[in-house]
Amino acid sequence: MADNMNGVMLLTQEGYDKIVKEHDELVSVRRAEVAERIKEAISYGDISENAEYDAAKNEQAELEERIYELEDMLKRAKIVSDDEVTGDVVNVGLRVDVKDVETGDIETFSIVGATESSPFEGKISNESAIGKGLIGHKTGDVVAIEIPDGMVTYEVLKIEKN
């Protein structure tokens, strides 16, 4: 995970709801399915050489690890409310249109919490280089951001709620 296990984790309401939904699915449905597979594998007899049993136990361990991660995220989550996100400066929960000063290309980014990022959908993490670089800037600001490929300079064109 990108963020440390103790710190606050910023999330939009949508991101928080997705974590809750996944957690509920794993706890109420997947746990029972895996337990049933283990029970079935045990019924085959000798578990010392039982591939189905080993696979089911491994799946159970991975499932429990994911449930633990999700519960940890929910404990540390801070939902960025609409009141905190006014739209006059770039922040989590907002969409920002920027122009690459060098190429003239216009891009749109939605700034989201780390667990919600999906660069191919234009959702970038508040912890990414571009996300960090843009947060706190206003429309009209020109921002130079160091990225793995070098430097990129964006002009903030428009900020709006997602």
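Arg31 is partly exposed, at 34% relative accessible area. In this predicted model, Arg31 forms a salt bridge with Glu64. The whole structure holds 12 salt bridges. This briefing covers helix H1 and some of those pairs.

**Arg31 and Glu64**
- The closest N and O atoms of Arg31 and Glu64 are 2.9 Å apart.
- Arg31 sits in helix H1 and Glu64 in helix H2, so this pair ties together parts 33 residues apart in sequence.
- Glu64 is also partly exposed, with 30% relative accessibility.

- Helix H1 runs over residues 13-43, which makes 31 residues.
- At 1.5 Å a residue, helix H1 should span 45 Å. Its end C-alpha atoms lie 44 Å apart, which agrees.
- Helix H1 bends by about 40 degrees, and the bend falls at Arg30.
- Just after helix H1 comes Gly45, with a positive phi of about 110 degrees.

**Helix H1: the buried residues**
- The buried residues of helix H1 are Gly15, Ile19, His23, Leu26, Val34, Ile38 and Ala41.
- These buried residues pack against two elements: strand E1 (9-11) and helix H2 (51-76).
- Helix H2 also carries Glu64, the partner of Arg31.

- Arg30, where helix H1 bends, pairs with Glu33 through a salt bridge of 2.8 Å, N to O.
- Arg30 and Glu33 are 3 residues apart in helix H1, so about one helical turn separates them.
- An α-helix has 3.6 residues a turn, so residues three or four places apart point the same way.
- Arg30 is partly exposed at 24% relative accessible area. Glu33 is partly exposed too, at 39%.
- A network of salt bridges links Arg30, Glu33, Arg37 and Glu59.

**Arg95 and Glu160**
- Which residue forms a salt bridge with Arg95? The partner is Glu160, with the closest N and O atoms 2.9 Å apart.
- Arg95 belongs to strand E3 (residues 94-100) and Glu160 to strand E7 (residues 150-161), so the pair ties together parts that are 65 residues apart in sequence.
- Arg95 counts as partly exposed, at 26% relative accessibility.
- Glu160 counts as partly exposed as well, at 27%.

Conventions
Residues numbered from 1 in each chain as written. Predicted model: local features only at pLDDT ≥ 70, side-chain atom pairs only at ≥ 80, totals over all residues. Heavy atoms only, no water. Helix = DSSP H or I, 4+ residues; strand = E, 2+ residues; numbered from the N terminus. Expected span 1.5 Å × (residues − 1). Bend = angle between axes of the 7 residues up to and from the residue. Buried < 20%, exposed > 50% of the residue type's maximum accessible area, 1.4 Å probe, protein only. Contact = heavy atoms within 4.5 Å. Salt bridge = Lys/Arg side-chain N within 4 Å of Asp/Glu carboxyl O.
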